Amino acid sequence: MEPADSIARLGFARWYERRLIEGHAWFVSCFLCMIAIAACMEELNLRGSLPRLAVYATLVLASAALAVYAAVRYHRILSEAERLGEHATCGNCGAYARFKLYSPTMARCRRCGNEWRLIN
Ligand SMILES: [Zn+2]
């Protein structure tokens, strides 16, 4: 059950770091797709051959679809990381990311033993 399995395996700080890296990789992918769209649109005209036009039109559509998918993934990954990051601080002693998951949703502070719901 994600993300509890990953957090339990890696620890919260490492899981959070990896999610930020993955999210930003999707952001870079989206940006590269936009550059590809701009480059293909510049080459897209009606004076060339029909197969050439079809190739560029296909590249534009594929890049647009990938850009939308990458933007959605970026948003979802960062939203999840931010949502869990807001609950990663112990309410009793204030320790950040110093907890262990003892069930798929519940966390226990390593410093003071306080328990709280990390994942809803
Ligand atoms: Zn604590």
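This is a predicted model: local features need pLDDT of at least 70, side-chain atom pairs count only at pLDDT 80 or more; totals for chains, interfaces and linings use all residues.
Residues are numbered from 1 along each chain as its sequence is written.

**Entry: Arg117 and Thr105**

I placed Arg117 in strand E3, residues 115-117. Helices and strands here are DSSP runs numbered from the N terminus (helices are H or I with at least four residues, strands are E with at least two). Setting aside neighbours within four places in sequence, I found Arg117 in contact with Thr105 and Met106. Contact is taken as C-beta atoms, placed from the backbone, within 7 Å. I also checked Arg117 against Pro104: they are 13 residues apart in sequence and 9.5 Å apart in space, C-alpha to C-alpha.

Next I went to Thr105, in the loop between E1 and strand E2 (106-109). Is Thr105 buried, exposed or partly exposed? I found 13 C-beta neighbours inside 10 Å, so Thr105 counts as partly exposed. Beyond four places in sequence, Thr105 touches Ala4, Arg117, Leu118 and Ile119. The C-alpha atoms of Thr105 and Ile119 are separated by 4.7 Å, although the two are 14 residues apart along the chain.

**Entry: Ala97**

I looked at the loop between H3 and strand E1 (99-101), where Ala97 lies. Ala97 is not a glycine, yet I read a positive phi of about 60° there. Most residues other than glycine have a negative phi. I counted Ala97 as partly exposed because 17 other C-beta atoms lie within 10 Å.

**Entry: the chain as a whole**

I counted 3 helices and 3 strands in the chain. In sequence order the pattern is α-α-α-β-β-β. Along the principal axes, the C-alpha atoms fill a box of roughly 70 × 25 × 20 Å. I found 13% of the 120 residues buried. Of the contacts with a separation of 6 or more, 45% are between residues 24 or more positions apart.

Which residues of H3 are buried? I listed Ser63, Ala70, Ile77, Ala81 and Leu84. An α-helix has 3.6 residues a turn, so residues three or four places apart point the same way. H2 is among what covers the buried residues of H3.

I then picked Ile35, in helix H2. Ile35 counts as exposed because I found 11 C-beta neighbours inside 10 Å. From Ile35 to Arg9 I have 37 Å, C-alpha to C-alpha, at 26 residues apart in sequence.

**Entry: domains and core**

I noted domain 1 (11-86) and domain 2 (88-120), with bounds from an automatic or database domain assignment. Their centres, taken over C-alpha atoms, are separated by 35 Å. The contact takes 4 residues from domain 1 and 5 residues from domain 2. On the side of domain 1 that touches domain 2, H2 and H3 are the elements giving two or more residues.

Last, I listed the largest nonpolar core, which has 11 residues: Ile7, Phe12, Trp15, Ile77, Ala81, Leu84, Ala88, Cys90, Phe99, Ala107 and Leu118. Such a core is a set of buried Ala, Val, Leu, Ile, Met, Phe, Trp, Tyr and Cys residues joined through C-beta atoms within 7 Å. Helix H2 (12-43) and helix H3 (50-86) are the elements that give two or more residues to this core. H3 gives the most, with 3 residues. I see at least three residues of this core from each of domain 1 and domain 2. Ile7 is in contact with Phe12, Trp15 and Leu101, neighbours within four places in sequence left aside.

Key
A residue is buried if 20 or more other C-beta atoms lie within 10 Å of its own, exposed if 12 or fewer, and partly exposed in between; C-beta atoms are placed from the backbone. Two residues are in contact if their C-beta atoms, placed from the backbone, lie within 7 Å.
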